[in-house]
Amino acid sequence: MAARGHVQDPNDRRLRPIYDYLDNGNNKMAIQQADKLLKKHKDLHCAKVLKAIGLQRTGKQDEAFTLAQEVATLEPTDDNSLQALTILYREMHRPELVTKLYEAAVKKVPLSEEYHSHLFMAYARVGEYKKMQQAGMALYKIVPKNPYYFWSVMSLVMQAISAQDEKLAQTMFLPLAERMVEKMVKEEKIEAEAEVQLYFMILERLGKCVEALEVIRGPLGEKLTSELQSRENKCMMLYQRLQQWPECNALAHKLLLKNCPEGEVHHTVAEVVRFVEERIKGEDGKESHSLRGPYLARLELMHRLRKRGCAEERLLGDPFELMVQFFGKFGDKPCCITDLKIYLHLLPAEQHVQFINRLSKAVPLREQGEEGFSFPEDTKALQRHLCLCQLSRALGLNHSLDVDGKLRLITELKAHYRYGLKFGKNAVKTELQFSDMYCLMAAHVYIDLWTETGDENMVWQCLGLLQEGLSHSASNAQFKLLLLLLYCRLGAFEPVVDLYSSLDAKHVQHDTIGFLLTRYAESLGQFAAASQSCNFSLRFFHSNQKDTSEYIIQAYKYGAFEKIPEFIALRNRLNQSLHFAQVRTERMLLDLFLEADIVLSLEESVRAMPLSAEDDDIPWDNMRDNRDLTVFTSWDPKERELTDEHRLRSLEEESVWLRLRSLTLRLLTFLAGLGHTPSQQNSKMSNENGVGDKTSVLGSLLSQLNQTLQTAAQLAEKHIQYPFLGPPATRLAPALSSGSCQCQAAALQLSVHLQELETVGLDESSELQTQICNSFKSLVVQLQEILNKCKGDLLEMKESKLKTQPSLLENLIFFVETVCIVLWMASYCAKILRPLKTGLQKKKKKKKDSQTALVQFTPPPHPCISAKLSILLLTSRPDLYSLIVTIDNLCLLQPVVVCGFQELTGSLQDLLTQALEHIKGQETGMTALKLASLTLEGPTQVSVHTHVRFSLFPSCLVFINTRGFLWPMNCIALQNPQSYLYFQTKSSS
């Protein structure tokens, strides 16, 4: 709420306490104060709106909306009510209602500049560009100011940008905008730089480069002063488009002497070589503060000439000597490695060792340490040696070492790291240590040994080293990121949450690096952390829409028209983000797994979600992969780096997995929507009223699911391997290998057969009932296979070496998810079977046949009583026989599908009992490891082992014990109290 200044209106004085309460977050007192005020002044509309704001902030959205609409229907025109309603609608995420509010206000007060401008901004929030154009012109007619006129022009440009028909944009919207600006130019009414920028934008989009060049070089171009060399850069771009190379070269030469321009210029190779050499001679003559640009330009020119196969490359010299020269001049700068790394391919493989040996001569190492290594005297020498080590790794020399050689390299790097800490003794805690990169490189070598040999002792040593590094450099993001990745790979998620929080990800970083957290949280059983991490990302994505609208409005207010398309492009990019679709889908699935049939029923849980089974709101065709897959610092050689092929395959895998999860969620939504289905006698009527459409929707979703499963299986067969520091593999391959996806699809497929059974009834559906019973048995078999793949020890201690198996934990999570879906399907099955069974029993009671007569007696075929036993009982104990026949007839009343369902519930209970026993065994084993006294070498290793043991696996156990098994089973049992499962779960709980 905006703070109020000195006011004279008595209503403002009365409203002041309510504003203060709302500003301070005391919403209940604000509501009470508004009620008191409304008792005395019933027609004070603003008090009602402020009360509605208080209701909205206390979670009473429906009451707040009703109260707000009461005021809105009165079409208020006082500023207090309008501003309060605007705030309320924004908090409700209903900006379209603000437009209706100010449309009514403008009609009542047509000459109000304030209301017209508010109406324009309200249209800007919802992207109504045509209405923005009309509102801008109406505002200009009332108050003839240039900004209002150009608001209308910019709205025309936005109509052109957003138009689906490019021809319409080029023939109507942009020409009209051009004529509107030309009118102001002829009348000499152009006042601001923003107006010239808009004129240039229109001409550029129309492809009128000559006219645009005239504008830039003319008197209007003199207004372009806010950006450095803005006028020259625009001229450079237009020269290139018009292919006016003499003018382009002259301007480029002029700018090169001042600053490097963007774009390209056209010279002969000899001219370019001569120009670069002249610049280098000028830098060589300096005693200090040489510029890197000319030297890098020479290497870049050599790279381009070699790429084109030009023989003039030799005019530039030998790349070996050029890079040695560059290292000699700039090797003490941290940027030296990034400068040279991209040109290392210019060196042939046989020169790699020679190159490193040559560079080592330029590294002054004098001080001798206890380990027998030589150390630098100052930070500049340290940086040279560090760059030398980084170049050695980038050339692949580290990877060619054997195990002993890599261990010696690690010892040397650790010695240099610890020695270099003395240079940062007086550093602030937030500053990085000069020698941090030694520690990071040693960690990378440990990872190499782990991936190549499979020895997990290497990763424990790596974790200890990184923790040591983090204790000296608490703000080192690379240490935190690598620790986060290693803990997730080991299955220990608990320390990951604190590590990610300490990174303090801001704004768009939730989209670019959020996948590091969300990928592993749920798969490692940390459901609370998974829900929290999804909320972090979703909060950013949801605020993006509102924030971007505000940025657009500010751009209109301050005339930054060229930024408006950029803001809209950013909003579209985030709305189409792969990560956004993933966290949104996973968040809703988590809500179902954690709360459905526990806090709320499945139907109520689904109803509370912004989800439709019929509509797919994920932009599959325009999906944007915004992940930063290069967030980890790496010095690996080119053949080990992440490639474009890896990126494409990763995106494909993520998209297929997302499609599987989305279809599963939509099918669960559809299943919940079926709810209490109509009875058999109304089936024909219901078929006419839309059940047939529902069946087609269900068939379409199941068909898409089966097709996606086939695509996923083909993708999993490729066994794509990514670099260790590249994108994490999806859950797709483990889900398929565990059988979870196939079992879930089979369970969801049952809904089709159950709908058919409901339509046909129990009398004439023996084959269908047998098919459903076979499906029940198949589900139990598949679940048993998934559970078998969960068995094993998560932590094993063999020969004083600790071995982790996080894949077992991931399989257990798949088992939990699959069991939940099977239980929901069983619940739906119970809803179908209960009325059918009741109807069948009523029919049986109405039939008065002679089955109980002794004369017409035929021994029942039920296994409870054989034929010989029946005759024996009939002659000797007729009373006992009558009782058994009565029980047996009751058994005969049970249709095949009901018996099959009872077998299913009993089998599910057996499975859950096995799972609980397995989990109890895991808990016992974990406790034993915690209490055992492990003798491991080195204090760091012991602490890391203890950390991992305590952080591995806890949340999953709690969830499975209290929610994943017993609670959903109880909910289903309560819907079918006659089932055996009901008594079993009651006794278990």
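Let's start with a helix pair: the axes of α32 (residues 644–674) and α35 (residues 740–760) come within 11 Å and cross at roughly 30 degrees. That makes α32 roughly parallel to α35. The cut-offs: under 35 degrees is roughly parallel, over 145 roughly antiparallel, 65 to 115 roughly perpendicular, and the rest oblique. Axes are lines fitted to C-alpha atoms, for helices over the stretch in contact, with angles from 0 to 180 degrees between N-to-C directions. Helices (H or I, at least four residues) and strands (E, at least two) are DSSP runs, numbered from the N terminus.

A word on the source. This is a predicted model, where local features need pLDDT of at least 70 and side-chain atom pairs count only at pLDDT 80 or more, while totals for chains, interfaces and linings use all residues. Residues are numbered from 1 along each chain as its sequence is written, and side-chain values use heavy atoms, with hydrogens and water left out.

Back to the pair. The crossing of α32 and α35 is left-handed; that is, the near helix is turned anticlockwise from the far one by less than a right angle, where clockwise would be right-handed. Who makes the contact, meaning heavy atoms within 4.5 Å? From α32, Trp657, Leu660, Thr664, Leu667, Leu668, Phe670, Leu671 and Leu674; from α35, Cys741, Gln744, Leu748, Ser751 and Gln755. By class, the residues of this contact are nine nonpolar, four polar and no charged. Nonpolar here covers Ala, Val, Leu, Ile, Met, Phe, Trp, Tyr, Cys and Pro; charged is Asp, Glu, Lys and Arg; the others, Gly among them, are polar.

Two or more lining residues come from each of α32, α33 (683–716), α35 and α37 (806–846). The largest share, five residues, is from α35. The lining has ten nonpolar, three polar and two charged residues.

Terms, quickly. On a 1 Å grid over the protein atoms alone, a cavity is a set of points where a 1.4 Å probe fits but cannot get out; a pocket is an open set with protein on both sides within 12 Å along at least five of seven lines; lining residues have an atom within 4 Å of a point. Grid points are joined across faces, edges and corners, and a volume is the space filled by probe spheres set on the points.

How many cavities of 30 Å³ or more are there in the whole structure? Nine. Of its 22 lining residues, Thr518, Arg519, Gln582, Glu586 and Glu654 are closest to the centre. The elements that give two or more residues are α27 (515–521), α28 (527–558), α30 (578–595) and α32. Among these, α30 gives the largest share, five residues. The lining of the largest cavity divides into eight nonpolar, seven polar and seven charged.

Arg489, Arg519, Gln721, Ala729 and Pro734 lie nearest its centre, out of 26 lining residues. Two or more residues each come from α22, α24, α27, α33, α34 (732–738) and α37. Its lining has 16 nonpolar, six polar and four charged residues.

Two of those elements pair up. The axes of α22 (residues 436–453) and α24 (residues 477–490) come within 11 Å and cross at roughly 20 degrees. They are therefore roughly parallel to each other. The crossing is left-handed. On α22 the contact residues are Asp436, Cys439, Leu440, Ala443, His444, Ile447 and Trp450; on α24 they are Gln478, Phe479, Leu482, Leu486, Arg489 and Leu490. That contact divides into nine nonpolar, two polar and two charged.

One more pair. Helix α9 (residues 146–162) and helix α10 (residues 166–186) have axes that come within 8 Å and cross at roughly 165 degrees. That makes α9 roughly antiparallel to α10. This crossing, too, is left-handed.

Last, a loop residue. Phe373 sits between β1 (367–368) and β2 (374–375). Phe373 and His416 are 43 residues apart in sequence, and 8.3 Å apart in space, C-alpha to C-alpha. Leaving aside neighbours within four places in sequence, Phe373 is in contact with Glu367, Gln368, Thr411, Glu412 and Ala415.

How values were computed
Contact means heavy atoms within 4.5 Å.
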